[in-house]
Amino acid sequence: MAKPGSTMPNKLMDSTRFYPFFKDCIGAIDGTHIPAMVRGRDISSYRNRHGKISQNVLAACNFDLEFMYVLSGWEGSAHDSKLLTDALTRRNRLEVPQGKYFLVDLGFPNRRQFLAPFRGVQYHLQDFTGHGNDPQNANKLFNLRHASLRNVIERIFGIFKSRFTIFKSAPPFLFETQAELVLACVALHNFLRKECRSDEFPIESIDASSSSVSPVNEEDNFQLVGQTQEQEREDANAWRTSIALDMWRVVA
């Protein structure tokens with residue numbers, strides 16, 4: 001897996017839209033659904049909210065379109081926030097360097113290490129297209145720039161599924177092998193990005209059935225060691241608001 005770099009990504013440094021507001025961001029995290037073949041009594045737990053049998057795969061990537069962490073093998077019915085909790089507590093856990101953070105969507109609660117957009121405010125990039133849809137306040141401006149930067153995780157999922165077409169349908173193997181196959185292909189993807197920089201094929205868009213986005217309640221089962229959930233939430237929300245206000249002062 002790719003490791004966090006010691007230098008700031010050019011995507012951030014070279015853009016006045018993102019710098020200095022997201023200067024400590026190292027990438028984005030999201031879940032995606034991959035078709036799965038499951039037999040036995042547990043098959044119902046692998047049925048996602050679109051009614052399809054899948055495994056939910058959590059991934060973290062950097063701005064060079066390289067995977068930094070991947071957790072495969074979870075049931076399709078599992079929520080992204082539950083996968084993240086597992087990723088933070090297992091032996092080969094996801095580690096976020098001190099003072100750094102990932103961007104996440106509304107499928108995750110807002111935390112210091114995982115910066116989410118404002119709820120109840122337009123967020124998706126298509127919501128801002130067209131005449132008269134420019135951000136009209138600090139929260140909307142934050143959400144627009146957050147979505148523009150976080151889009152890197154959607155791009156890497158599109159590249160990954162276009163490159164490894166075996167994931168267009170459920171691979172005909174034992175489920176444990178299906179989960180390991182994801183990890184093997186992730187390693188191949190990173191190798192090709194580093195050694196060849198070759199993504200010479202059309203990138204497929206991520207359809208609704210492959211995305212694991214689903215709004216999560218702020219009271220969901222998610223807690224970081226060292227602070228209570230309430231303290232962590234208040235601190236992270238105040239931090240997010242300060243970033244949004246700093247952005248707005250520049251453009252206002």
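The following legends describe close-up views of a predicted model.

**View 1. The largest nonpolar core of the predicted model contains 37 residues.** Phe22, Phe67, Leu103, Leu115, Phe142, Phe160 and Val182 are the members that touch the most other members. At least two residues of this core come from each of the strands β1 (25-35), β2 (54-61), β3 (67-75) and β4 (101-103), and likewise from each of the helices α3 (138-163), α4 (175-195) and α5 (229-251). Helix α3 provides the largest share, ten residues. In soluble globular proteins, nonpolar side chains tend to be buried together.

**View 2. Phe142 and its surroundings are shown together with a cluster of rings.** Leaving aside residues up to four places away in sequence, Phe142 is in contact with Phe22, Leu115, Ala116, Pro117, Phe118, Arg240, Ile243, Ala244 and Met247. Ring pairs join Phe142 with Phe18, Phe22 and Phe118 in a cluster. The charged end of Arg240 is placed over the ring of Phe118, at 4.4 Å from the centre of that ring.

**View 3. Ala59 belongs to strand β2.** The relative accessible area of Ala59 is 1%, and Ala59 is therefore classed as buried, a term that applies under 20%. Apart from residues up to four places away in sequence, Ala59 touches Ala28, Ile29, Asp30, Phe67, Tyr69, Val70, Ile153 and Phe157. The C-alpha atom of Ala59 is separated by 6.1 Å from that of Gly31, although these two residues are 28 residues apart along the chain.

**View 4. Tyr46 and Phe175 form one of the eight aromatic pairs in the structure.** The arrangement of Tyr46 and Phe175 is edge-to-face, with 4.9 Å from centre to centre and 65 degrees between the planes. Tyr46 lies in the loop between β1 and β2, whereas Phe175 lies in helix α4, so the pair ties together parts that are 129 residues apart in sequence. Tyr46 and Phe175 are both buried.

**View 5. Tyr101 and Trp239 form an edge-to-face aromatic pair.**

Notes: Residues numbered from 1 in each chain as written. Predicted model: local features only at pLDDT ≥ 70, side-chain atom pairs only at ≥ 80, totals over all residues. Heavy atoms only, no water. Core = buried A, V, L, I, M, F, W, Y, C linked by side-chain atoms within 4.5 Å. Buried < 20%, exposed > 50% of the residue type's maximum accessible area, 1.4 Å probe, protein only. Helix = DSSP H or I, 4+ residues; strand = E, 2+ residues; numbered from the N terminus. Contact = heavy atoms within 4.5 Å. Phe/Tyr/Trp six-rings, centres within 6.5 Å; stacked < 30°, edge-to-face > 60°. Lys NZ or Arg CZ within 6 Å of the ring centre and 35° of its normal.
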